[in-house]
Amino acid sequence: MARSLVLIFGLVLTALGSFGAQQVEARAFFVFGDSLVDNGNNNYLATTARADAPPYGIDYPTGRPTGRFSNGYNIPDFISQELGAEPTLPYLSPELNGEKLLVGANFASAGIGILNDTGVQFINIIRMYRQYEYFEQYQQRVSALIGAQQAKQLVNQALTLITVGGNDFVNNYYLVPFSARSRQYALPDYVEFLISEYRKLLLRLYDLGARRVLVTGTGPLGCVPAELAMRSNNGQCAVELQRAANLFNPQLVQMLSGLNSQLGADIFIATNTQQSHYNFVNNPQAFGFVTSKIACCGQGPYNGLGLCTRLSNLCPNRDIYAFWDPFHPSERANRLIVQNIMVGSTEYMNPMNLSTILALDSRT
Ligand SMILES: *[C@@H]1O[C@H](CO)[C@@H](O)[C@H](O)[C@H]1NC(C)=O
Ligand SMILES: *[C@@H]1O[C@H](CO)[C@@H](O)[C@H](O)[C@H]1NC(C)=O
């Protein structure tokens, strides 16, 4: 039911797009963040954080790996579909040229966090400050193509998605026992520090021209198959990482609402992917999943140890698994998450959902 509503809504939008005004293109879409939203930038880097080998991409239309950490589409892809647009290309893709630039770009890089010292073990990844440098470079390229004024408008009218923060726990604070950050900060203080650094990053994004920004919190970090395998002996979500997510997400929502008041507009939209994920975790069957604990691709308990590779166990039907690999949702879970982004209540989208944003912005 919800899915067909989304579909109909998408069709209406597409129809408006093609009949309403001939030259109106779908709005541009920009993506920043980590592996949950990387469309393949890391394929172009010397890093171990990559998804460029089978079985990644097994359900992508080409059946081949793309660099997405999914069996098929990821969250940005489904959002692009809602916008009536092609998927954004990775900024480092040599195909991102000319007219293609007007679709937007994906700057995300697997392994990065809010902090520069997150994901150091992955060596060569595009940290947030660098993603912003590329965004500036992108804007110069678009200016050269369509003029400075038009380029500014394209950026102001675009939709932006930023997904970052999970790695600041998993690949920093909790990466090793007695990590530098965990010796420096008690968890509540670390969360406060992350939120204050994230706030600076979001203000910078505003300065760079973003005016509608979906900001996802972390997922239920302790419930992913990797953590079930490493930190839980009875299949319950790992307590310490859950504590981290439960401290981080509400403070993020608060910080965003503070930013919006300060800026006098609903720029930042708190996107509660944790709740969507919890729904799968609490009642996988209600969403057509046989399990939310065992990854489709992996090895060891819950298929949660190590990476998803050609040698891993691989489930025959990816649609009935909430998790594709030890850390990342399956394509179908991503699709359900984007349904909540699109038409979810304020429990999922605060202060409003994406269908409301699209309707509002098309009137102004
Ligand atoms: C991250 O590193 C860049 C480049 O060295 C630097 O400009 C930036 O200030 C750093 N960010 C933080 C929060 O330390
Ligand atoms: C979300 O989207 C649906 C469908 O467009 C709409 O009816 C609903 O009021 C929206 N909810 C909020 C809180 O914006």
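Helix axes here are lines fitted to C-alpha atoms over the stretch in contact, and angles run from 0 to 180 degrees between N-to-C directions. I keep that in mind for each helix pair below. The model I am reading is predicted.

**Entry 1: α10 on α11**

I started with helix α10, residues 273–282, and helix α11, residues 331–343. They pack at about 130°, and their axes lie 10 Å apart. I noted the crossing as right-handed. From α10, the contact draws on Thr 273, Ser 276 and Phe 280. From α11, it draws on Ala 333, Leu 336, Ile 337 and Asn 340. I sorted these residues by class and got four nonpolar, three polar and no charged.

**Entry 2: α2 on α11**

Next I looked up what α2 does with α11. Helix α2 covers residues 75–83. Its axis is 9 Å from that of α11, at an angle of about 50°. That angle makes α2 oblique to α11. The crossing of this pair is right-handed. On the α2 side I listed Ile 75, Phe 78, Ile 79 and Glu 82. They meet Asn 334, Arg 335, Ile 337, Val 338, Ile 341 and Met 342 of α11. The class count is seven nonpolar, one polar and two charged. Ile 337 is listed in the contact with α10 and also in the contact with α2.

**Entry 3: α3 on α4**

Which angle do the axes of α3 and α4 make where they cross? I read roughly 130°, with the axes coming within 7 Å. Helix α3 runs over residues 128–146 and helix α4 over residues 148–156. The angle makes α3 oblique to α4. The crossing is right-handed. Gln 139, Val 142, Ser 143 and Ile 146 are the α3 residues in the contact. Their partners in α4 are Ala 148, Gln 150, Ala 151, Leu 154 and Val 155. By class I have six nonpolar, three polar and no charged.

**Entry 4: backbone checks**

Most residues other than glycine have a negative phi, and most peptide bonds are trans. I went looking for exceptions.

- The bond from Pro 54 to Pro 55 is cis, with omega near 5°. Pro 55 sits in the loop between β1 (29–33) and α2.
- The bond from Asn 350 to Pro 351 is cis, with omega near 5°. I placed Pro 351 in the loop between β8 (349–350) and α12 (354–363).
- Phe 178 has a positive phi, near 60°, though it is not glycine. I found Phe 178 in the loop between α5 (166–173) and α6 (180–184).

**Entry 5: around ligand 2**

Which residues are around ligand 2? I wrote down Val 343, Ser 345, Thr 346, Met 352, Asn 353, Ser 355 and Thr 356. The shell divides into two nonpolar, five polar and no charged. Val 343 is in this shell, and α11 ends at residue 343.

**Entry 6: the whole chain**

Last, I stepped back to the overall fold. I count 12 helices and eight strands. The radius of gyration is 19 Å, close to the 21 Å that the globule rule gives for 364 residues, so the protein is as compact as a globular protein of that length. Along its principal axes, the C-alpha trace spans about 60 × 45 × 40 Å.

Technical notes
Residues numbered from 1 in each chain as written. Chains lettered and ligands numbered in written order. Predicted model: local features only at pLDDT ≥ 70, side-chain atom pairs only at ≥ 80, totals over all residues. Near = placed C-beta within 6 Å. Nonpolar A, V, L, I, M, F, W, Y, C, P; charged D, E, K, R; others polar. Helix = DSSP H or I, 4+ residues; strand = E, 2+ residues; numbered from the N terminus. Left-handed = near helix turned anticlockwise from the far one by under 90°. Contact = placed C-beta atoms within 7 Å. Rg over C-alpha atoms; globule rule 2.2 N^0.38 Å. Parallel < 35°, antiparallel > 145°, perpendicular 65-115°, else oblique.
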